[in-house]
Amino acid sequence: VINWAGGMHHAKHGECSGFCYINDIVPAIVELLKAHDRVLYIDLDVHHGDGVEEAFVTTDRVFTLSIHKFADTFFPGTGSYGDIGINEGRYCTMNLPIHFDNISDFHYVSCLLYTSPSPRDS
């Protein structure tokens with residue numbers, strides 16, 4: 001499933017955030033989990049997908065990967081390398097924060113290639 005508009009990934013349970021009053025991605029993933037054992041969620045928005053990560057941070061059924069700009073003054077200020085999930089969800093969260101401006105397609109593709117296994121690893 002691809003949401004070209006990016007989705008409303010900042011809203012959290014009981015909390016509006018970042019112009020998002022409802023998180024459309026979380027219920028979509030919950031629906032996918034009814035038919036699939038696991039779901040991979042890749043967030044390519046320039047902002048960290050904090051609402052989606054928070055919703056699934058404790059489960060190993062959803063792997064969240066967020067590639068985003070990261071700076072103290074850049075919203076939402078979350079999504080560091082050290083955020084890897086908790087409890088059963090440990091190692092099912094991956095953040096690739098980019099610490100500079102002018103993020104281009106090259107940077108996103110490089111991050112995806114870096115995190116993807118090579119054919120030799122299969």
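Helices are DSSP runs of H or I with at least four residues, strands are DSSP runs of E with at least two, and both are numbered from the N terminus. The structure is a predicted model, in which local features need pLDDT of at least 70 and side-chain atom pairs count only at pLDDT 80 or more, whereas totals for chains, interfaces and linings use all residues. Residues are numbered from 1 along each chain as its sequence is written, and side-chain values use heavy atoms, with hydrogens and water left out.

**Figure 1. The open sheet of three parallel strands.** The strands follow the order S1-S2-S3; two strands count as paired if DSSP finds at least two bridges between them. Strand S1 (39-43) and strand S3 (93-98) are the edge strands, and each has a single partner, so one side of each lacks a neighbour in the sheet. From one strand to the next, the twist averages 5°; axes are lines fitted to C-alpha atoms, for helices over the stretch in contact, and angles run from 0 to 180 degrees between N-to-C directions. Helix H1 (residues 25-35) lies across S1 and S2 and runs at about 155° to S1, where contact means heavy atoms within 4.5 Å.

**Figure 2. Strand S2 and its pairing.** S1 and S2 run parallel and are joined by five bridges, and in this pairing Ile 42 stands opposite Leu 65 of S2. Six bridges, also in the parallel sense, connect S2 (residues 62-69) with S3. Ser 66 has Asn 95 of S3 as its bridge partner. In a regular strand, side chains alternate between the two faces of the sheet. Why is S2 described as largely enclosed by the rest of the structure? Seven of its eight residues are buried, a term that means under 20% relative accessible area, with exposed being over 50% and partly exposed in between (1.4 Å probe, protein chains only).

**Figure 3. A nonpolar surface patch.** Leu 40, Ile 42 and Leu 44 make a nonpolar patch of about 280 Å². Patches consist of residues with over 30% relative accessible area and no salt bridge; like charges are joined within 9 Å, and nonpolar side chains (Val, Leu, Ile, Met, Phe, Trp, Tyr) within 5 Å. The accessible areas come from the Shrake-Rupley method with a 1.4 Å probe, and for residues only the protein chains shown count as cover. Leu 44 is located in the loop between S1 and helix H2 (50-56), and it counts as partly exposed because its relative accessibility is 43%.

**Figure 4. The salt bridge of Glu 54 and Lys 12.** A salt bridge is a side-chain nitrogen of Lys or Arg within 4 Å of a carboxyl oxygen of Asp or Glu, and the count by this rule is five. In the pair Glu 54 and Lys 12, the closest N and O atoms are 3.9 Å apart. Glu 54 belongs to helix H2 and Lys 12 to the segment before H1, so the pair ties together parts that are 42 residues apart in sequence. Lys 12, Asp 50 and Glu 54 are linked in a salt-bridge network. With a relative accessible area of 44%, Glu 54 is partly exposed.

**Figure 5. Two further salt bridges, Asp 60 with Arg 38 and Asp 101 with Lys 69.** Asp 60 and Arg 38 meet at 3.6 Å, N to O. Because Asp 60 lies in the loop between H2 and S2 and Arg 38 in the loop between H1 and S1, this pair ties together parts that are 22 residues apart in sequence. Asp 60 is partly exposed at 32% relative accessible area, while Arg 38 is exposed at 57%. The N to O distance between Lys 69 and Asp 101 is 2.3 Å. Asp 101 is in the loop between S3 and helix H3 (105-115) and Lys 69 in strand S2, so this pair ties together parts that are 32 residues apart in sequence. Is Lys 69 buried or exposed? At 18% relative accessibility, Lys 69 counts as buried, and at 48% Asp 101 counts as partly exposed.

Figure 6. The relative accessible area is 59% for Asn 87, which is exposed, and 70% for Asn 102, which is exposed.
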